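Open your viewer and get ready to select a few residues. We will go stop by stop.

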Amino acid sequence: MSDSTWLGLLTMSVSSIVVGAFVGGTTTKFLLNFVSSKRLNQIAHVINLIAIVVSSLIGGVTQSYEAFIAGRLIAGIPCGITFNLAPMLVAELSARRKRGFWESTIGVSISFGFLIAAILAHPKVLGSLTLWPVLIGLGVLPSFIYLIASINIPETPYYLLRHGRKEEALDVLTELRKNEDESVAKQEVEEIENEIGDSGKVNQLIAVFALYANLMLCGVNNILFYSDLIFKEAGISADNVTFATIGVFALQFVMALIGAKFVDRFGGLKVTIAGSIGFIVSLTLFTVSQAMVYNQNSAVLSPLHTTADEQLLTNGSAFASVTHSTFTAETTSLIASAQDGANPWSFVSVLAIGIFMVAWSGGTHISTFALLGELTIEPTRATCFSYGNAVMWTTSWIVSFVPPYLQEALGPYSMVIWLGFTVFFLVYMVICIPDTKGRTTNQIQAKFGGKTDSSASFGIVLTEVESLNV
């Protein structure tokens, strides 16, 4: 098989999950017209089991890349659906004053998943050409665990009230808030009923778009890709580069744990803004250091391997993890042949990566989920998440495919484009997104021009939001 054919199949396999996720994410609102969030989440996990059978069992036994690609495509559908449903379910089940904290735990869970995947995908564990079907097959465990546990998960009070089942909604809230007085549950039922009758705003939808886009257009995938190369340049041996990468994911998880407490204390908006400031510092340091390394002819960054490696790290697939070490070995060998020792500026690049991962994992990554749940209301939440999910997966695809061309055109300054996006979204958030910490739903929606504040005229009413389906 020629290198071009191999690269084409590789990019198709790792990008197919993005296509599936786009489909799943954008159809969530439509599907919720027929089933509840709980039931749709269960269906998504069943689809995930089917995807694993196709990619791991059929693909592994037959060694068919067609089966593997098909499995990846199918796996993307539940990925897109659950990326919407998780913050929706948390927002509708958690108490208002702790909603930001519980939403942030979604980001913590994702970071933990990245860490476990990085460890299991190590070539000395399951990340080999013979054991990759087993690695993918392990994905059945979380789905089985959820399907069993979800039996005891109640329907959300929002869903029950929307279908006229007020007594059941009160029972669910009483059980969820059993450490508080029963009057608290009754008051929350009234608040939910008022929220269901509210209408959304175009500005609310734009805010969701901006948060989702900022999550990817900060250039996180580029940073994840460059980490292997920069660790090598800084003097880390090829044998230890994979361990360094695992260390990056471990840092993500630790910072996510710490960041969740910051979100609980300071609110999602402040943490997101702090994360963006961290991005600006990091990307600036990274660009300066790479420019110095480039000018001293001490680094070789191959556009060919940027494409392959970056997509692998972006999608986090089991197959990607298996093949990642092969591409890393090739790219790092190019650097090794171009330099005899570590360049001091490479250590600045390592520092920049550390700052970036702290800002992303402990800031934007987890605070975004908190803001999404707090900024949206029941009538608009599914619509905003569906459209926002489309924005996120589209920008994810862009960040996966565009960098090789940016690198070819801009060289060491290829990260400047992400720096520009970060500055833009930071200004937007400071001006247009309200602080949700310690504020009621009515106060938050007044910023968007909700009916709860008749004097507010900020935004255009999204009439017939409920009829907006994808």
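**Stop one: an aromatic cluster**

Select Trp 418, Phe 421, Phe 424 and Phe 425, which ring pairs link into a cluster. Rings of Phe, Tyr and Trp (its six-membered ring) pair if their centres lie within 6.5 Å; planes under 30 degrees apart count as stacked, over 60 as edge-to-face and the rest as tilted. This is a predicted model, where local features need pLDDT of at least 70, side-chain atom pairs count only at pLDDT 80 or more, and totals for chains, interfaces and linings use all residues. Residues are numbered from 1 along each chain as its sequence is written, and side-chain values use heavy atoms, with hydrogens and water left out.

A search of the whole structure finds twelve aromatic pairs. Phe 68 and Trp 132 have ring centres 5.4 Å apart and planes at 85°, so this pair is edge-to-face. Phe 68 and Trp 132 are both buried (under 20% relative accessible area, with exposed over 50% and partly exposed in between; 1.4 Å probe, protein chains only).

Next, select Phe 101 and Trp 102, an edge-to-face pair with 5.1 Å centre to centre and 65° between the planes. Phe 101 is buried, at a relative accessible area of 17%, whereas Trp 102 is partly exposed, at 43%.

**Last stop: His 45**

Is His 45 buried or exposed? His 45 is buried, with a relative accessible area of 16%. Leaving aside residues up to four places away in sequence, His 45 touches Pro 142, Ser 143, Tyr 146 and Leu 147 (contact means heavy atoms within 4.5 Å).
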